[in-house]
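The following note collects remarks on the model for a colleague's review. Please read the numbered points alongside the coordinates.

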Amino acid sequence: MDSLINRSRPPVFCPGCTHERVVHALDQTLSRMGLAANRVAIVSDIGCSGLFDTFFNTHAMHGLHGRALTYATGLKMANPGLTVIVTMGDGGLGIGGAHLLAACRRNLDLTLLVLNNFNFGMTGGQSSATTPSDALAASGFLNRLEKPLDVCRLVAAAGAPYAARCSGLDKGLAQEIERAVAFEGFAVLDIWGVCTGRYTKRNRLTPAMIRETIDSMPGGGGAIRENQRPEYAAGYAAARAALAPPQPPVEIKARFKPLVRGRHEVVLMGAAGQRIITAGEILAMAAMGAGLQATQKNEYNITVLRGPSISEVIVADAKIGYTGMETPDIILALAQEGVDRRRRSFANLPPGSLVLCAADVALPDCRAQIRRIDFKKRGIRPADRALASLAMLAASQRIVSTPMLMAALKQRFHGQVLASARKTVQRAVER
Amino acid sequence: MPATFMEGNEAIARGALAAGCRFFAGYPITPATTIFQTMLALLPPAGGVCLQGEDEIASIGFCLGASMAGFKAMTATSGPGISLYSEQISFAIGSEIPVVIVDVQRLGPSTGSATRGADGDIQFLRWGNSGGLPVIVLAPVDVRDCFELTMRAFNLAESYRCPVFIASNKEIGMTRESVSLNALPRPAVIDRKAFSGTDRFLPFAADATRKVPGFLPIGGDIPVRQTSSTHGPDGYITTDPDEIAAVQTRLDQKLKASIRRFSYWAQYGPDTAETLIITYGISGRAAKSALARCHRAGAKSVALLVLKTLWPVPADLICNKSANANRILVVEMNLGQYVREIRRLLPDRQVEFIGQMNGRLIHPETIERAVCHG
Ligand code: SF4
């Protein structure tokens, strides 16, 4: 296979920069693997290594600092057949840390070449995540206070199935790159090198020193046995193929004559665990069964199992404009938390409005008609209060009728849940 | 006609599928999470890809990668996530990557209130990118709009190769509403135009009239270059001032010069009204109720313009619709953002502002009082 080097864009690195050696080694690798230019995408990160994509005739994507793995992930998921190689410096590695860890956990078949030269070359030699503590960098004393990270140990701990460390100055570089590219899964190759423009101006770092340090370090030998597992895109495709098609949305036909005209507002004020939101939905569905329009707006604490739970339902015979409460017709006061949260609503209730109020709930003063209900006495659990009060409304032909309510229950629930909901309705209206 | 009971977020997801979306990535955040949940339920069984990114930056980055591979892509978040998207939004603008971005706005600043609505990101969506080039922002009013405008957002993203925002609001996204699926408007689906020339493919070469480069996917037969660096038509970094200026001007003009083709709006009340209410988003509903109240109360010379395209500013539309009005009331769920644009366009008119940022909807009575009693 021919070289994929872009002859019109020769590398522009400083003399002696290891990046240039990596460019040629990568080209040798791609040729040896017989990969055509249009089967390879090089996704480059930022800094001097961010120029990599321009030196090749392949597909290329160059984006923002530290984010190369994010674009590569999208490309590869959309086109799993493409060979995607990400080049990134130690700078991009640090700023994109969350993406690196996630890529290790995910195990998508990408190759990450870390061009590790222990500093930010392009911006002037500042310290990076891999700068040794005793190195002289443009970040003054700051790197002395931090510990450099070991890329291979990090990615192994994060679940990468392949992590290798090599010197960019060694002869075997192209073979090292080939092993990483050939690996099926997320492969990280930590390539150590020299930045002649910045780092080695103030720090001694010879090929022999790099070799020696690499030899003395544990790990970084390639495939990591305990992290072997199926590749992500293949796993995704298999999981996707096993999915059942989604249920179409429930469609409600208008089978009943509406009981009301105009706009009517109902507020269910309860507490978490009282199935307030579900009851609101059932009320809306029951009204829709009579051809009415409906909206539902809920309020609950973000810690879902505690605190007030409130549902505002509007039903109307025409398109509903404002979705907030103007003047509620009916309030279902089912728990103290809900009533306390909406104390303000009671002041403006008109005389014709109705409050169905649980016996254990204290109401603020209001002009509405109040119907007290002892749910306990009727053998209705707190979780069934909301549905039971809908049944009471329906029994007295307020907003919806009992057949409308029963039809909504049948559309919303099935099996055991439906049977128990029907029982609750019965119990609520028994004398 | 049978009806379903659906929230705005679900309608956005369904609109995306109807528009041909094949890739979604998001990071959970209230009040946008149910878009992710719905996409996860719908997209993979349909052969698409839905991913949960490790953060917002990754989620939109995935989308940009997938879009460059030729997939229609969408992401969804709220204000705190838009902040994190910013660098990638700039990339999508400058490098002409189609993507639909949903902002289900919540009350800010910052973490703010996860479950309270606001329209506090309206200027942020426009200006929250480096370079200041224009973006398209559409604003739905209800569930029906969520579906339709999402389809249109995809069409625009594909046609103009740019990010398109849907400025929703917790009060739309998480409010359920009866809606008839069959009656939902379904605009014809538009796909991005492929490069069809016989010359060498230049990824950012565009003709002077259309101003949008033909697309080829990364991973296709012809190698494609994509870059976030300042580039010329060949996709290589450039320092040539003329080449740079030409690209910047084209990016600015490709949207601004076409705004008339995608100025969406709704108008209520007489054309000749002396008082015009201008609003957008969820407040459009309160304003419509308020308009009915005003008319009932005898204030007949009042009309309402609900803008559904906010950016680029549909200047001609706004000027035409307000030609007869001597008094303009701008209603927004913030402390005054889009009103700046209206004042800029209508310097000779009395422009009043009604807004609030307290986590609650603006009440129709508030608007009515302002209209009738000033
Ligand atoms: S600054 Fe360092 S990394 Fe950049 S090209 Fe020069 S030697 Fe290479």
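1. Burial is used throughout in this sense: a residue is buried under 20% relative accessible area, exposed over 50%, and partly exposed in between, with a 1.4 Å probe and protein chains only. Helices (H or I, at least four residues) and strands (E, at least two) are DSSP runs, numbered from the N terminus. This is a predicted model, in which local features need pLDDT of at least 70 and side-chain atom pairs count only at pLDDT 80 or more, while totals for chains, interfaces and linings use all residues. Residues are numbered from 1 along each chain as its sequence is written, chains are lettered from A and ligands numbered from 1 in the order in which they are written, and side-chain values use heavy atoms, with hydrogens and water left out.

2. Strand β2 of chain A (residues 59–62) is buried on both sides: H59(A) and M61(A) point one way, A60(A) and H62(A) the other. In a regular strand, side chains alternate between the two faces of the sheet. Strands are said to pair if DSSP finds at least two bridges between them. Strand β1 of chain A (residues 40–44) runs parallel to β2(A), and four bridges join them; A41(A) stands opposite H59(A).

3. The pairing of β2(A) also crosses to the other chain. With β9(B) it forms three bridges in the parallel sense, and the bridge partner of A60(A) there is R225(B).

4. In chain B, strand β1 (residues 4–7) has both faces covered, with T4(B) and M6(B) on one side, F5(B) and E7(B) on the other, and all of them buried. Four bridges join β1(B) to the antiparallel strand β8 (residues 176–179) of chain B, where S178(B) is the bridge partner of F5(B).

5. The loop between β8 and β9 (225–227) of chain B contains N182(B). This residue is exposed, at 59% relative accessible area. N182(B) and D242(B) are separated by 60 residues in sequence and by 51 Å in space, C-alpha to C-alpha.

6. Helix α10 of chain A (residues 276–288) has 13 residues, and at 1.5 Å a residue it should span 18 Å; its end C-alpha atoms are 18 Å apart, which agrees. The expected span is 1.5 Å times one less than the number of residues. Of the 13 residues of α10(A), 11 are buried, including I276(A), E281(A) and M288(A).

7. Phi of N107(A) is near 65°, a positive value in a residue other than glycine; N107(A) is in the loop between α4 (97–106) and β4 (110–116) and is buried, at 0% relative accessible area. Phi of I399(A) is likewise near 65°; I399(A) lies in the loop between α13 (385–395) and α14 (402–412) and counts as buried at 4%.

8. In chain B, a cis peptide bond joins G108(B) and P109(B), with omega about 0°. Another joins W311(B) and P312(B), with omega about -15°.
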